[in-house]
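Please view the sequence and the structure before reading on.

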Amino acid sequence: MTSSRERELKFEIVRREDYLELRDGAAWGTRAEPQMQVNHYFDTRDDALLRSRTLLRIREAGSRRVLTLKCGVEVRPGFFDSLELESEVSEGELSQALQRPEAMMDWNHGAIGELRKRLGRPVLRVSGRLVNERVRRQVALERLEVDRLTFPDGSEAYELEIETDDVERTDAWLRQAILSRGILLEPQRLTKMERLRAHPAVVKANSGQ
């Protein structure tokens, strides 16, 4: 298990052409191959985790399945400071989580132990699934994560995430390198899970339950 603090700037990339520029343009340094991520989110029926700004997720990416618990605060619009606990899970554990999510509370993973400490033994359910394509770029001191989110109805949205321990430096770099080129970014104040739960297609589907 790994435990760390994640300090992250999150932005909405307003225009698709700006997303394509950040993903593929030559100005943004080394470009890794796209990585497909399938995110499975878990919560209670009354959204106890969502209301406490706690995220419980299993992410499939390639051959890896990673269980993550994030507990954080928004320090300023679009800047999040979170405790993050991660550990790999087996294919069998992922299958169990999707079929009997309440059984996750008996798992011997640090993320689950922390969740029990904070919320007792909540009865979990699968609260959503979101597909994300991520491309990592390394330019100067900044590592960019350029994301394309695909919602259940097929609609897309685009985000830029930058982990940083020096927000002033990263802000200055953003102004000089990105915003000065006319690329439109807006602070993204919602996590991916919150965006999924607020998406009109998901709200409509849940209202019919």
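## Helix H5

The exposed residues Glu168, Arg175 and Gln176 lie on the face of H5 turned away from its buried side; exposed means over 50% relative accessible area, buried under 20%, with a 1.4 Å probe and protein chains only. On the buried side are Val167, Thr170, Asp171, Trp173, Leu174, Ala177 and Ile178.

H5 comprises the 12 residues 167-178 and reaches 15 Å from first to last C-alpha, close to the 16 Å expected at 1.5 Å a residue; the expected span is 1.5 Å times one less than the number of residues. Helices are DSSP runs (H or I, at least four residues) numbered from the N terminus.

## Basis of the model

The model is predicted: local features need pLDDT of at least 70 and side-chain atom pairs pLDDT 80 or more, while totals for chains, interfaces and linings use all residues. Residues are numbered from 1 along each chain as its sequence is written, and side-chain values use heavy atoms, without hydrogens and water.

## Glu114 in helix H4

Helix H4 (residues 110-119) contains Glu114. Glu114 counts as buried because its relative accessibility is 13%. Its side chain and that of Arg118 are joined by a polar contact of 2.8 Å, a pair of N or O atoms within 3.5 Å, one able to donate a hydrogen and the other to accept it.

Definitions and conventions:
Helices (H or I, at least four residues) and strands (E, at least two) are DSSP runs, numbered from the N terminus.
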